[in-house]
Amino acid sequence: MKIFINFTDAWESRYNLYSAKITEKTIMELVKKVVRFYIDGFKNMTLGKSLWIMIILKVIFLIIIMKVLFFPNFLSSNFSNDEERSSYVRQTLATPNEK
């Protein structure tokens, strides 16, 4: 004789999984808790603050260098006015890429 106990029903009724309603209030409370968690974490940091500042400065520096060196303004350097730029863009987008 086998005895089968359904633990899922007991667990679901104990923790009230299906009747929990997600409301705007509960979402806002969760967001507030998460924000407070991160704020408290950053307040208590000593070495971490300086490391985060260094990381942010490096990222900003890299973005600026990448923009200047690798993404030059092609349209303003090759065309003198907006009409020529717009016709070039229109022509490039309208014609299929032929290989």
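Guide: Rings of Phe, Tyr and Trp (its six-membered ring) pair if their centres lie within 6.5 Å, and planes under 30 degrees apart count as stacked, over 60 as edge-to-face and the rest as tilted. By this rule the count comes to 5 aromatic pairs.

Visitor: Which pair is tilted, with its ring centres 5.7 Å apart?

Guide: That is the pair of phenylalanine 74 and tyrosine 88, whose planes stand at 50°, so the pair is tilted. This pair links distant parts of the chain, since phenylalanine 74 belongs to helix α4 (residues 74-78) and tyrosine 88, 14 residues apart from it, to helix α5 (residues 82-94). Phe74 and Tyr88 also form one aromatic cluster together with Phe79.

Visitor: Before we go on, where do these values come from, and how are helices defined?

Guide: This is a predicted model, in which local features need pLDDT of at least 70 and side-chain atom pairs count only at pLDDT 80 or more, while totals for chains, interfaces and linings use all residues. Residues are numbered from 1 along each chain as its sequence is written, and side-chain values use heavy atoms, with hydrogens and water left out. Helices (H or I, at least four residues) and strands (E, at least two) are DSSP runs, numbered from the N terminus; the protein chain here has 5 helices and 0 strands.

Visitor: Is phenylalanine 37 buried or exposed?

Guide: Buried means under 20% relative accessible area, exposed over 50%, and partly exposed in between, using a 1.4 Å probe and protein chains only. Phenylalanine 37 is exposed, with a relative accessible area of 58%, whereas phenylalanine 74 at 43% counts as partly exposed, and tyrosine 88 at 30% is partly exposed too. Of the 99 residues of the protein chain, 3% count as buried.

Visitor: How many salt bridges does the count come to?

Guide: Side chains of opposite charge can pair when their charged atoms come close. A salt bridge is a side-chain nitrogen of Lys or Arg within 4 Å of a carboxyl oxygen of Asp or Glu, and by this rule the count comes to 1 salt bridge. Arginine 85 forms it with aspartate 82, their closest N and O atoms being 2.7 Å apart. The two residues lie 3 residues apart in helix α5, so about one helical turn separates arginine 85 from aspartate 82. Aspartate 82 itself counts as exposed, at 58% relative accessibility.
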